[in-house]
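Here is a friendly briefing to read alongside the model. Please have the sequence and the 3D view open as you go.

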Amino acid sequence: MKKDYSSLAKALAVVALLSIMIGGFLIARRKNQLSEATKLPYHNVSLEQVPDGFYKARTETSFLHVELQVQVENHKIVEIKVIEADGIDAVPAKPILDKMIAENKIAVQAVKGAELGSLVYISCVDKALYNGINE
């Protein structure tokens, strides 16, 4: 007795096609998120220009909304409070804030595996300090 494999082949072809379509969608979405993150404003603020104080900023992307308060004393970042962090990479990228404080720099190496969120946090801290020197 011969077995009919045509229905199985059709089902496998449909599964393969759906997998390719979903994979393509996910790659395109990630590419758009990367493009959006790399276009965030970055003012390259020098901490030597920032007076003591508390500075707030908000940065929003399609994948992450962040609001932070940055405290500066003697031209050093002493604290970064997260007021809001909602979206992809919000939690995994958060350690970048400790790096900024430890290194007393805004531009620090991104958290591995949370690069997009790291860029959003960096942009938000930079924006807060930029607002601080331009008040």
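Predicted model: local features only at pLDDT ≥ 70, side-chain atom pairs only at ≥ 80, totals over all residues.

Residues are numbered from 1 along each chain as its sequence is written, and side-chain values use heavy atoms, with hydrogens and water left out.

**Helix pair**
- Helix 2 (residues 95–103) packs against helix 3 (residues 115–133) at an angle of about 45°, and their axes are 9 Å apart. Helices here are DSSP runs of H or I with at least four residues, and strands are E runs of at least two.
- The crossing of these two helices, helix 2 and helix 3, is right-handed.
- From helix 2, Ile96, Leu97 and Met100 meet Ser118, Tyr121, Ile122 and Val125 of helix 3; contact means heavy atoms within 4.5 Å.
- The residues of this contact comprise six nonpolar, one polar and no charged.

**Glu115**
- Glu115 belongs to helix 3 and, at 36% relative accessibility, counts as partly exposed (buried is under 20% relative accessible area, exposed over 50%, partly exposed in between, with a 1.4 Å probe and protein chains only).
- Leaving aside residues up to four places away in sequence, Glu115 touches Asp89 and Ala110.

**Strand hairpin**
- Strand 1 (residues 53–60) and strand 2 (residues 64–73) pair in the antiparallel sense over eight bridges, and three residues lie between them in the hairpin.
- Gly53 has Val72 in strand 2 as its bridge partner.

How values were computed: Axes fitted to C-alpha atoms, helices over the stretch in contact; angles between N-to-C directions. Left-handed = near helix turned anticlockwise from the far one by under 90°. Nonpolar A, V, L, I, M, F, W, Y, C, P; charged D, E, K, R; others polar. Pairing = 2+ DSSP bridges.
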